[in-house]
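Visitor: I am new to protein structures and would like to learn how to read one. Could you take me through a few features, step by step?

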Amino acid sequence: DTMRRVVRQSKFRHVFGQAVKNDQCYDDIRVSRVTWDSSFCAVNPRFVAIIVDASGGGAFLVLPLHKTGRIDKSYPTVCGHTGPVLDIDWCPHNDQVIASGSEDCTVMVWQIPENGLTLSLTEPVVVLEGHSKRVGIVSWHPTARNVLLSAGCDNAIIIWNVGTGEALINLDDMHVDMIYNVSWNRNGSLICTASKDKKVRVIDPRKQEIVAEKEKTHEGARPMRAIFLADGNIFTTGFSRMSERQLALWNPKNMEEPIALHEMDTSNGVLLPFYDPDTNIIYLCGKGDSSIRYFEITDESPYVHYLNTFSSKEPQRGMGFMPKRGLDVNKCEIARFFKLHERKCEPIIMTVPRKSDLFQDDLYPDTAGPEAALEAEEWFEGKNADPLLISLKHGYIPGKNRDLKVVKKNILDNKPAANKKSDLINAPKKAADASNTQNEAKLDEILKELKSIKDTITNQDERISKLEQQMAKIAD
């Protein structure tokens, strides 16, 4: 029996990584040189977004996934920030909406056109202002629509209702030192944070209280990371007192001792953890490393099981991690990374070798889909909901995304109603007049457009008949 236990049975034991061929990479990209420990890259089933170097201000590229090869120097960017962009995050409920945090102390939310950018985008849908120092972390709520979290170097965490552009929760007295990262739990009822004071905190954002915390999670002084797992446990990466890289697993209900603690190596790059809740695999990408190590988390000792390492020659500047619905299920692909080099972005595909071409149910349990389970208001009022799951049996077909509309609450709405009768009578009339003028302007615009389309068609008709005549002559 002991002999049989030497090798643990796991369907992920033979997962292997493979970089795509050169023509499938995104080339000639000036990846940002900002010294900040974010991943610099965010991907979803439609687009890959990469923070790039920009003179005077901050910018990031948004490329449709199929736009591989050399990217032209003049390719349009998203460039509304006045300082370098430090973090970007795609909205999980709308593949055309992305948030960015910047050194200019603002968070901006952008709507990307369906087929990508043809012109540079300088106008965000909404600017969220509330931080007094640079904003290094942005993270969307996993299940509620239009709820966005941001964390800044003012040691504050703000949770926004993007639909109204308001800051609804401000946690500005919980952290005494820099926040390294913030992670939502599966249903978005709690967040956990890792901070420069070596503490990991579990916070209930709506009650604005710390539910659990652990001092000296890792003894070393270098940056840590903490993320929630699907079962509610917390996975951390950090450094020992001897500057060895460590990973650990914690139960937030009892943070005294870790469930597991492993030393890894003595490299000094910060380990960025990427977690797949469907397979319970954690991928660790060190900034400046040239490898991705992956581990399976189970409930049997030693709890964190090393699976394998994907190694390459080039060090990584950053890394994007594709959501499950963007993977090719026919090829048993269980993860896809977008690795940033100095001048390019290279997709890396993780595959489970299988002989059969049939859909592998055990590799693809139902996964979080793009529908939000709650509206922002419901979440702020105290409701919770798990992600709405979809099956990947027939692959994922992206649906139509609705545009992000921001309805700023009118400050005047809260004032007591005017007493003058004349005002009350005139108000609806004025509003009606205004809307009539607007409608007429719209109608004019549409008619103009129709006329120009008609003209174009007439011109094309003439051109076609001329060409047909010429063809006929040539044929004769």
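Guide: Let us go through some features of this predicted model together.

Visitor: Let me begin with sheets. In what order do the strands of the open sheet with β24 lie, and how do they pair?

Guide: Four strands make up this open sheet, in the order β24-β25-β26-β27, and their pairing is antiparallel. At the edges are β24 (271–276) and β27 (304–311), each of which pairs on one side only. From one strand to the next, the twist averages 25°.

Visitor: How many bridges link β26 and β27?

Guide: Strand β26 (residues 291–297) pairs with β27 over 7 bridges, in the antiparallel sense. To see one of them, find R293, whose bridge partner in β27 is T309.

Visitor: And what does a hairpin look like, for instance the one formed by β18 and β19?

Guide: Here strand β18 (residues 200–204) and strand β19 (residues 209–214) are joined in the antiparallel sense by 5 bridges. V200 has K214 as its bridge partner in β19. Between the two strands of the hairpin there are 4 residues, and Q208 in the turn has a positive phi of about 55°.

Visitor: How should I read backbone angles like that one?

Guide: Here is the general idea: most residues other than glycine have a negative phi, and most peptide bonds are trans. Now look at S243, which is not a glycine but has a positive phi of about 65°. S243 sits in the loop between β21 (234–239) and β22 (245–250).

Visitor: Which residues does a cis peptide bond join?

Guide: That bond lies between S301 and P302, with omega about 0°. You will find P302 in the loop between β26 and β27.

Visitor: Next, aromatic rings. How do I describe two of them?

Guide: A pair of aromatic rings is described by the distance of the centres and the angle of the planes. This structure has 13 aromatic pairs. Take Y283 and F321: their ring centres are 5.9 Å apart and their planes are at 50°, so this pair is tilted. Y283 belongs to strand β25 (residues 281–286) and F321 to strand β28 (residues 318–321), so the pair ties together parts 38 residues apart in sequence.

Visitor: How can one find empty space in a model?

Guide: Rolling a probe the size of a water molecule over the atoms shows where empty space is left. In this model, the second largest pocket holds about 400 Å³ of space. Its lining has 18 residues, and V20, Q24, E333, R336 and I349 are those nearest the centre.

Visitor: Which strands each supply at least two residues of that lining, and what kinds of residue make up the lining?

Guide: β29 (333–340) and β30 (344–351) each supply at least two. By kind, the lining has 9 nonpolar, 4 polar and 5 charged residues.

Visitor: Last, how can I set a database record beside the model?

Guide: Take the annotated span and see what the chain does there. Residues 78–120 are 0% helix and 51% strand, with end C-alpha atoms 6 Å apart. For residues 172–213 the values are 0% helix and 50% strand, and the end C-alpha atoms lie 17 Å apart.

Visitor: Which residues does the "coiled-coil region" annotation cover?

Guide: According to UniProt, in an unreviewed entry, that annotation covers residues 436–470. In the model, this span is 100% helix and 0% strand, and 51 Å separates its end C-alpha atoms.

Methods. Residues numbered from 1 in each chain as written. Predicted model: local features only at pLDDT ≥ 70, side-chain atom pairs only at ≥ 80, totals over all residues. Heavy atoms only, no water. 1 Å grid on protein atoms, 1.4 Å probe; cavity = no way out; pocket = protein on both sides within 12 Å on 5 of 7 lines; lining within 4 Å. Points joined across faces, edges and corners; volume = space filled by probe spheres on them. Nonpolar A, V, L, I, M, F, W, Y, C, P; charged D, E, K, R; others polar. Pairing = 2+ DSSP bridges. Axes fitted to C-alpha atoms, helices over the stretch in contact; angles between N-to-C directions. UniProt positions renumbered as here; feature names shortened; annotations may be inferred. Phe/Tyr/Trp six-rings, centres within 6.5 Å; stacked < 30°, edge-to-face > 60°.
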